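Here is a guided walk through a protein chain and its ligand. Keep the sequence and the 3D view side by side as you read.

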Amino acid sequence: MGLAGKRIILGITGSIAAYKSAFLTRLLIKEGAEVQVILSASALDFISPLTLATLSKRPALHQFQKDETGVWNNHVELGLWADLMLFAPLSANTLAKMANGHCDNLLLATYLSARCPVWFAPAMDLDMYQHPSVRKNIQTLQSFGNRLLDAESGELASGLSGQGRMMEPESIVKEIKGFFESGQDFKGKKIGLTIGPTQEAIDPVRFISNHSSGKMGYALAEAFLERGAEVWVISGPISIPVSKDKFHWKDVHSAQEMFEAAQDIHEKMDVMVFAAAVADYAPAEVAPEKIKKQGDSLQIHLKKNVDIAQELGKQKKPNQIHVGFALETENEKEHAVDKLNRKNFDLIVLNSMKEKGAGFRLDTNRVSIFSKNGQVVESEISPKKEIAGMILDQIKKESSWTLV
Ligand code: CTP
């Protein structure tokens, strides 16, 4: 059961090799994976959804619409659900559409929404496989970060012999197992994260909050999960698309609620990451009814919130690692290092507000990571997912665990 708990979207397109996808589905299920089959329209000429639905134990999808009533198969949800999206077999036609951003069926829409690694196993006749346009499209997909499972040589359906056969299902499953096993360097570790902003109520309809989107925190949560950890997320109100069921997920609003949720899990965590932008102050009293407009000014008395990172920093055990974030607009390094010491962090990740392409709401970031022994690691402006990977690498260096 080397793929237990792994979620795989198997995209099947119009090629005679589609008959092998039934066997591939069976092998993946046998290894413990959850498999969601999505077919292109021309795949239906080669294999029946009934076969695939029976083997995968889930409906095999091929249309945007579930039935006549207009209920639709949500490609964004599917794209978020998967740990891996695999096209096997991939026809020259769907390959060309993927390379050019076409979106005329559910499979292509899911491809465009997928956040997970995407692999493709082409299958076509030997001359097609060598055609410059096919070669170019394969390269384009590779430039997107998609991984080619190269076609094998042998006898082809046309009667000709050469390269173009889809990689054998056993070999594909072996590659997938190797991939999931090799990246599992946080396996067995328990990770807690606070992410997003907090909302501090003024009255039943108003609150104090900030611009945090939760993107960096969520990218970290996903990175830990991909590398084998069990992840607890305590999230303030965020509106980015997330897949909560992959995590132990707790939604909170105020700093106090976030503190209580973090306190509940803290003791059993190996790593706590404080990525939330917690409001430092909250209204001293929440008005029970909506505050009506009166006079030319209004004063709201604020009281200091609990500092979650600092409080839990006092309870930190020697084998636990705490990671904090700092967002500064002046004397950045001094403030970050001061927070590192004050809050008993092992690492602090400094975001600069001055940097173009870094900070709130963006998909990219630029950070400096300071460790308590004075080391500094600086990133380029990079996607938050890459920054997350870099932070995990630093956590690993900081730890005394023997990780795989
Ligand atoms: N933090 C926290 N609880 C708070 C405030 C901050 O857990 N009430 C955590 C944040 O999640 C972050 C780190 O502490 O990891 C630093 O947050 P920041 O807001 O920069 O620190 P403050 O101590 O609030 O300092 P400042 O005066 O710059 O606002």
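Start at one residue pair. The bridge partner of S235 in β12 is D251. This bridge belongs to the parallel pairing of β11 with strand β12 (residues 248-251), which runs over 4 bridges. Two strands count as paired if DSSP finds at least two bridges between them. Helices (H or I, at least four residues) and strands (E, at least two) are DSSP runs, numbered from the N terminus.

Before going further, two notes on the model. It is predicted, so local features need pLDDT of at least 70 and side-chain atom pairs count only at pLDDT 80 or more, while totals for chains, interfaces and linings use all residues. Residues are numbered from 1 along each chain as its sequence is written, and side-chain values use heavy atoms, with hydrogens and water left out.

Strand β11 has another partner. Strand β8 (residues 190-195) pairs with β11 in the parallel sense over 6 bridges. Here K190 stands opposite E230 in β11. Is β11 buried or exposed? Of the 6 residues of β11 (residues 230-235), 5 are buried, so the strand is largely enclosed by the rest of the structure. Buried means under 20% relative accessible area, exposed means over 50%, and partly exposed lies in between (1.4 Å probe, protein chains only).

Y218 sits in helix α9 (residues 215-226), and F247 sits in the loop between β11 and β12. The two are 29 residues apart, so the pair links distant parts of the chain. What kind of pair do Y218 and F247 make? Their ring centres are 5.8 Å apart and their planes are at 65°, so the pair is edge-to-face. Rings of Phe, Tyr and Trp (its six-membered ring) pair if their centres lie within 6.5 Å; planes under 30 degrees apart count as stacked, over 60 as edge-to-face and the rest as tilted. Y218 is buried, at 2% relative accessible area. F247 also counts as buried, at 9%. By the ring rule, the count comes to 8 aromatic pairs.

Other rings gather elsewhere. W119, F179 and F180 form one aromatic cluster. W119 also has a charge over its face: R147 lies there, 4.2 Å from the ring centre. R135 lies over the face of Y129, at 4.7 Å from the ring centre. A charge sits over a ring if NZ of Lys or CZ of Arg is within 6 Å of the ring centre and within 35 degrees of the ring normal.

Now turn to another sheet. Its 5 strands form an open sheet with parallel pairing, in the order β2-β1-β3-β4-β5. β2 (34-39) and β5 (147-148) stand at the edges, each with a single partner strand, so one side of each is left without a neighbour in the sheet. Within the sheet, strand β3 (residues 84-90) pairs with strand β4 (residues 118-122) in the parallel sense over 4 bridges. L90 stands opposite P122 in β4.

N146 lies in the loop between α7 (132-143) and β5. N146 is buried, with a relative accessible area of 9%. Its side chain makes a polar contact with the side chain of Y111, at 2.6 Å. A polar contact is a pair of N or O atoms within 3.5 Å; within protein, one must be able to donate a hydrogen and the other to accept it, and residues adjacent in sequence count only if both atoms are side-chain atoms.

P59 gives a contrasting case. P59 lies in the loop between α2 (49-56) and α3 (75-81). At 57% relative accessibility, P59 counts as exposed.

Next, the ligand. Which residues are closest to the ligand? 13 residues surround it, and the closest are F274, A276, D280, K339 and K343. A residue counts here if one of its heavy atoms lies within 4 Å. A polar side-chain atom of D280 lies 2.8 Å from an oxygen atom of the ligand. The backbone takes part too: a polar backbone atom of V306 is 2.9 Å from a ligand nitrogen atom, and a backbone N or O atom of A309 lies 2.9 Å from a ligand oxygen atom.

Finally, step back to the whole chain. Its secondary structure comes to 13 helices and 21 strands. Buried residues make up 50% of its 404 residues.
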